[in-house]
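The following paragraphs lead the reader through one structure, from a single residue to the whole fold and its ligand. Please keep the sequence and the model in view while reading.

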Amino acid sequence: MRNLIIAPSVLACDFLNIGSEVQMLNESAAEWIHIDVMDGVFVPNISFGFPVLEAINKVATKVLDVHLMIEKPEQYITTFAKAGAKVITVHYEACPHVHRTIQQIKDAGCLAGVAINPGTPVEVYQDIIADLDLALIMSVNPGFGGQKFIPNAINKTKRLAEMAAKAGNTTLKIEIDGGVTMANAADLYQAGADVLVAGSFVFSSKDPKATIAELVSVAK
Ligand code: DX5
Ligand code: ZN
C-alpha cells in the first residue's frame with residue numbers, strides 16, 4: 001500500500017480562530033498543512049503572506065506545505081523557508097528559470113515543488129522531473145477555494161506517474177489541488193497521487209477530523 005498524505009488547505013478555515021483550527025489539524029490524520037499564498041497578480045485573488053505563515057508555524061506540528069501562486073517567487077523563497085515552510089511549490093507558469101528556482105528551494109533546505117495549471121500539459125515536467133521532489137497538478141484554476149474538480153486531472157496524474165517511473169524518480173510526490181472530495185479521492189490515489197489537498201471539503205464538513213480520516217482511508 002502506498003502512503004497517501006492529506007494536506008488540508010487553511011484557505012478554507014475560520015481565520016478568526018486559526019489557532020484552534022491548526023490545533024485541530026495537529027490532532028487529525030493530516031500529515032501536511034497546505035498554505036495558499038496568492039498575490040493578486042499571478043491569480044485574481046489575494047490571500048495572506050509571511051506573518052500568517054509564521055503564526056501557523058508557532059503552533060503547527062505538521063509539515064507546512066506552501067503553495068506560491070505569485071509572480072517572481074524566487075525573490076521570496078528564503079523568507080518563506082525562514083517563516084516555517086518545509087515544502088515550497090512554485091508555478092511553472094510563473095518561472096522563466098524554473099530549473100534555477102528548484103535549486104534555490106533546495107538550497108533553502110526545503111522540498112522543491114512545481115505546480116501546473118489545468119491548461120498546462122504534464123509534458124512540461126520532462127526536463128525537470130529528475131530534480132523535483134514534488135509535482136502539483138491543479139485540478140481547478142488557481143485563485144479560489146470551493147471550485148468544481150476538473151476530471152482531466154486524473155488523466156494527467158496517470159501520465160505524470162508514468163513519466164516519473166520512466167525517469168527513475170521513484171520518490172517524486174504527485175500532489176493534486178482543487179475540488180478534492182470523497183467522490184474523486186480514490187480515483188486520484190489509484191491514478192498515482194501521493195498528496196491530496198482538500199480545503200472546503202474538510203472545513204465545511206461537520207466533523208473535519210473524521211473527514212480527513214475518511215480521505216486517508218481511500219489508500220488501500
Ligand atoms: C486554489 C488553491 C487550493 C484551494 C483548494 O487556488 O490552490 O489549495 O485552497 O480548495 P478546495 O479544496 O476548496 O478546492
Ligand atoms: Zn493550493
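A residue counts as buried if 20 or more other C-beta atoms lie within 10 Å of its own, as exposed if 12 or fewer do, and as partly exposed in between. Lys-62 has 19 other C-beta atoms within 10 Å and is therefore partly exposed. The model in which these counts are made is a predicted one.

Lys-62 is placed in the loop between α2 (50–59) and β3. Neighbours within four places in sequence aside, Lys-62 is in contact with Leu-25, Asn-26, Ala-30, Glu-31, Trp-32 and Ile-33. Lys-86 stands 24 residues from Lys-62 along the chain, and the C-alpha atoms of the two are separated by 9.6 Å.

The confidence of the prediction may be considered next. The mean pLDDT of the protein is 98, and 100% of its residues reach 70 or more. For the complex, the predictor gives an ipTM of 0.99 and a pTM of 0.98. Where pLDDT is low, predicted coordinates should not be read in detail.

The overall fold comes next. The protein has eight helices and eight strands. Taken along the principal axes, its C-alpha atoms fill a box of roughly 40 × 40 × 30 Å. A compact globule of 220 residues would have a radius of gyration near 17 Å, and the value of 16 Å for the protein agrees with this. Among the contacts with a separation of 6 or more, 65% join residues 24 or more positions apart.

What share of the 220 residues is buried? Buried residues make up 46% of them. In soluble globular proteins, nonpolar side chains tend to be buried together. Here the largest nonpolar core has 71 residues, and those with the most contacts inside it are Ile-33, Val-66, Ile-88, Ala-135 and Leu-196. One of these, Ile-33, is also in contact with Lys-62. Another, Ala-135, touches Gly-113, Val-114, Tyr-125, Leu-160, Leu-172 and Ile-174, when residues up to four places away in sequence are not counted.

Tyr-125 is in turn a contact of Met-163, together with Val-122, Gln-126 and Ile-129, again leaving aside neighbours within four places in sequence. Met-163 lies in helix α5, which covers residues 152–167. Why is Met-163 classed as partly exposed? The reason is its count of 17 other C-beta atoms within 10 Å. Met-163 and Val-122 are 41 residues apart along the chain, while their C-alpha atoms are separated by 8.9 Å.

Two further lysines belong to the region around α3. Lys-72 is found in the loop between β3 (63–69) and α3 (77–83). Its phi is near 45°, a positive value in a residue other than glycine. With 15 other C-beta atoms within 10 Å, Lys-72 is partly exposed. Lys-82 lies in helix α3 itself, and it is partly exposed because 14 other C-beta atoms are within 10 Å. From Lys-82 to Gly-109 the sequence separation is 27 residues, and the C-alpha distance is 9.7 Å.

The ligand remains to be described. How many residues surround ligand 1? There are 22, the closest being Ser-9, Pro-142, Gly-145, Gly-199 and Ser-200. The elements that give two or more residues to this shell are β2 (32–38), β8 (195–198) and α7 (200–203). By type, the shell divides into nine nonpolar, eleven polar and two charged residues.

Ala-115, by contrast, is 85 residues from Ser-200 along the chain, and the C-alpha atoms of the pair are separated by 20 Å.

Conventions
Residues are numbered from 1 along each chain as its sequence is written. Chains are lettered from A and ligands numbered from 1 in the order in which they are written. This is a predicted model: local features need pLDDT of at least 70, side-chain atom pairs count only at pLDDT 80 or more; totals for chains, interfaces and linings use all residues. Helices (H or I, at least four residues) and strands (E, at least two) are DSSP runs, numbered from the N terminus. The radius of gyration is taken over C-alpha atoms; the globule rule is 2.2 Å times the number of residues to the power 0.38. Two residues are in contact if their C-beta atoms, placed from the backbone, lie within 7 Å. A residue is near a molecule or strand if its C-beta atom, placed from the backbone, lies within 6 Å of it. Ala, Val, Leu, Ile, Met, Phe, Trp, Tyr, Cys and Pro count as nonpolar, Asp, Glu, Lys and Arg as charged, and the others, Gly among them, as polar. pLDDT is the predictor's confidence in each residue, from 0 to 100. A nonpolar core is a set of buried Ala, Val, Leu, Ile, Met, Phe, Trp, Tyr and Cys residues joined through C-beta atoms within 7 Å.
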